[in-house]
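Student: Hi, could you walk me through this one? I'd like to start with the overall fold and then get into the details.
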Amino acid sequence: MEGTLRTIQGYLGEIPVSEISEEFDLIRLHPRMGWELLNKRESTRPYAEAALYHHLWYDEKGGYPREYTFKGNDNAILYQIITCADCLDAAMDSVGRAYSSGKNFDDMLADLRCNSGRMFNPDLVKLFDSENLQEKVRSLITKKAADSLRSQVKK
Ligand SMILES: [Fe+2]
């Protein structure tokens with residue numbers, strides 16, 4: 001924990017306090033902070049780059065941090081899958097992430113389609129649009145399934 005706090009202070013130290021006017025400025029630091037934390041241990045190092053890239057848009061014109069590129073990165077598709085999954089999770093979560101009230105799966109699918117080729121890899125959006133995958137995801141996100149998963153984690 002002490003190392004984590006030092007890391008946060010290190011990042012805050014790079015930005016003049018007067019420029020940190022919005023909570024979003026702080027939120028935008030988390031990919032780099034995750035990368036740094038995961039890089040500290042051999043066991044988590046293979047996942048560090050995923051933390052760094054998980055908010056970069058497919059077209060690289062949005063998201064953050066923007067100084068990185070998917071071009072030439074052999075793991076780009078993995079990071080783009082994580083981006084889709086993270087956005088689905090965040091958008092439908094009405095408890096853990098307080099951005100807004102949770103959306104239903106159909107609204108989230110509409111968002112994926114709307115941002116295909118921009119935020120999200122269009123090939124992945126096509127996969128999410130397949131009936132087979134939709135059926136599997138819907139079964140995983142039902143309240144009963146979520147409760148079952150939670151009880152398994154607690155054991
Ligand atoms: Fe994130």
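Student: Great. How many helices and strands are there in the protein?
Tutor: This is a predicted model, and it has nine helices and zero strands. Read from the N terminus, the order is α-α-α-α-α-α-α-α-α.

Student: And what share of the residues counts as buried?
Tutor: Of the 155 residues, 12% count as buried.

Student: OK, which residues make up the largest nonpolar core?
Tutor: That core has seven residues: Tyr 58, Cys 84, Met 108, Leu 112, Met 119, Phe 120 and Val 125. Another core lies apart from it, with six residues, including Trp 35, Ala 51, Leu 52 and Tyr 53.

Student: Let's stay with Val 125. What does Val 125 touch, leaving out residues up to four places away in sequence?
Tutor: Its contacts are Leu 112, Arg 113, Ser 116 and Phe 120.

Student: Switching to helix pairs: at what angle do H5 and H6 pack?
Tutor: The angle is about 140 degrees, and the axes are 10 Å apart. H5 covers residues 76-92 and H6 covers residues 105-114.

Student: Is that oblique or roughly antiparallel?
Tutor: Oblique, because roughly antiparallel would need an angle over 145 degrees. As for handedness, H5 passes H6 in a right-handed crossing.

Student: Which residues make the contact?
Tutor: From H5 they are Cys 84, Leu 88, Ala 91 and Met 92, and from H6 they are Phe 105, Met 108, Asp 111 and Leu 112. By type, seven are nonpolar, none is polar and one is charged. Cys 84, Met 108 and Leu 112 also belong to the largest nonpolar core.

Student: Nice link. Now the backbone: which residues does the cis peptide bond join?
Tutor: Tyr 64 and Pro 65, with omega about -15 degrees. Pro 65 sits in the loop between H4, residues 48-53, and H5.

Student: What about Glu 60, what is its phi?
Tutor: Glu 60 has a positive phi of about 60 degrees, although it is not a glycine. Glu 60 is also in the loop between H4 and H5.

Student: Why bring those two up?
Tutor: Because most residues other than glycine have a negative phi, and most peptide bonds are trans.

Key:
Residues numbered from 1 in each chain as written. Predicted model: local features only at pLDDT ≥ 70, side-chain atom pairs only at ≥ 80, totals over all residues. Core = buried A, V, L, I, M, F, W, Y, C linked by C-beta atoms within 7 Å. Buried ≥ 20, exposed ≤ 12 C-beta atoms within 10 Å, placed from the backbone. Contact = placed C-beta atoms within 7 Å. Axes fitted to C-alpha atoms, helices over the stretch in contact; angles between N-to-C directions. Helix = DSSP H or I, 4+ residues; strand = E, 2+ residues; numbered from the N terminus. Parallel < 35°, antiparallel > 145°, perpendicular 65-115°, else oblique. Left-handed = near helix turned anticlockwise from the far one by under 90°. Nonpolar A, V, L, I, M, F, W, Y, C, P; charged D, E, K, R; others polar.
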